[in-house]
Structure formats: C-alpha cells, structure tokens
Amino acid sequence: MPSPEPRPGRLRVGLLLCVAGLSGCSGTVVVEPGPFAADPRCAEVVLALPQTLAGGERLATSSQATVAWGDPTDPVVLRCGVEPPGPTTDDCVTADDGVTSVDWLAVPGAQEPDGGTAWTFTTYGRVPAVEVQVPASVTADRSTAFLMDLGPAVSRVEQDRRCL
C-alpha cells in the first residue's frame, strides 16, 4: 500500500520545528579568534575570567580564547592571543586595584550620537596579548573601570614591559 501524501499542516509544523531548532544557536556571539588563540596561556586566562562583567552575564562565543558579556547584539568582547603591540604613542592606562596591575593601550573608536564611544583595550607588555572591545552602548552608561575585574585573569600572562 502506498504511503499517504503528507498533509500541508504537517509540513508547516515540520518546517517551523526545523527553523526553531536552527535559531537555537542565535545566542552565540560570533568572534574572530586572535592569531595566537591556541597559546596555552590563553586557556588559563579564559578559565579565570569572571561570569559577569560590566553588569552583563557571560555569553557563548564562536571561537577559541574568546569571551563575551552583556547584550548578545552589542557585547563586551575579549580575545586572547591577539598580536602584541609594539612601541606606540597610543594612550596607555594602568588598571591597578592594589593587588593586580595591568597596562592597557586604550584606543577610542567613533563617538556615537548617544554620547558613548566604543573603545578597544589591548594589554601592553604581555605575550600573547589580550584585547577587549567595549561598545559605545556600554561606555554611554558606565565607566570602563571593570577592566580591573579582568586583572586577575589577564595577569596569568607574565608582563615583560610596562607603560611609561
């Protein structure tokens, strides 16, 4: 006996289930890995990072040695294993909580209409380097003092040079 023809209602339900299943991965933040993401020190850094940062929960990311926090559409993103910066005239700031001290190169992005400015912070004097991209939506509402919360994890990579 031939099998019955699929009913249009069943086909629609099946398609909806497939689409719903595929959208389950939409919470993953797509992040380009750093060229040295496979460095074992990056694994140490990532494992030591906080679950919350700048008021945002940790999010799933698509790449090794990356972490994101906050709004999945506009998150704070950390990448370990980026190219270490050489001598530069970029602003260098030290995040020091009295226990841990980390030097960061601070490079502003474009200022947004809401008054916030996106920033990229890259560790200075550490190999591999760690980069943190902070969207304007975050800096519009709060300072970037949360970089100190990253200090204990980032300091797992030994510092061999300091800001002047």
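## The nonpolar core

A nonpolar core is a set of buried Ala, Val, Leu, Ile, Met, Phe, Trp, Tyr and Cys residues joined through side-chain atoms within 4.5 Å. Buried means under 20% relative accessible area, exposed over 50%, and partly exposed in between (1.4 Å probe, protein chains only). This is a predicted model, in which local features need pLDDT of at least 70 and side-chain atom pairs count only at pLDDT 80 or more, while totals for chains, interfaces and linings use all residues. Residues are numbered from 1 along each chain as its sequence is written, and side-chain values use heavy atoms, with hydrogens and water left out.

The largest nonpolar core has 28 residues, of which Leu49, Trp69, Val76, Trp104, Val132 and Leu150 touch the most other members. Among the elements that each supply at least two residues of this core are helix H2 (40-48), strand E4 (76-82) and helix H4 (147-154); helices (H or I, at least four residues) and strands (E, at least two) are DSSP runs, numbered from the N terminus. Helix H4 gives the largest share, four residues. A second, separate core of five residues includes Val31, Leu59, Ala68 and Val77.

## The disulfides

A disulfide is a pair of cysteine sulfur atoms within 2.5 Å, and the count by this rule is two. In one of them, the sulfur atoms of Cys42 and Cys80 are 2.2 Å apart. Cys42 lies in helix H2 and Cys80 in strand E4, so this pair ties together parts that are 38 residues apart in sequence.

Another disulfide joins Cys92 to Cys163, with an S to S distance of 1.5 Å. Cys92 is in strand E5 (residues 91-96) and Cys163 in the segment after H4, 71 residues apart. Cys92 counts as partly exposed, at 29% relative accessibility, whereas Cys163 counts as buried, at 18%.
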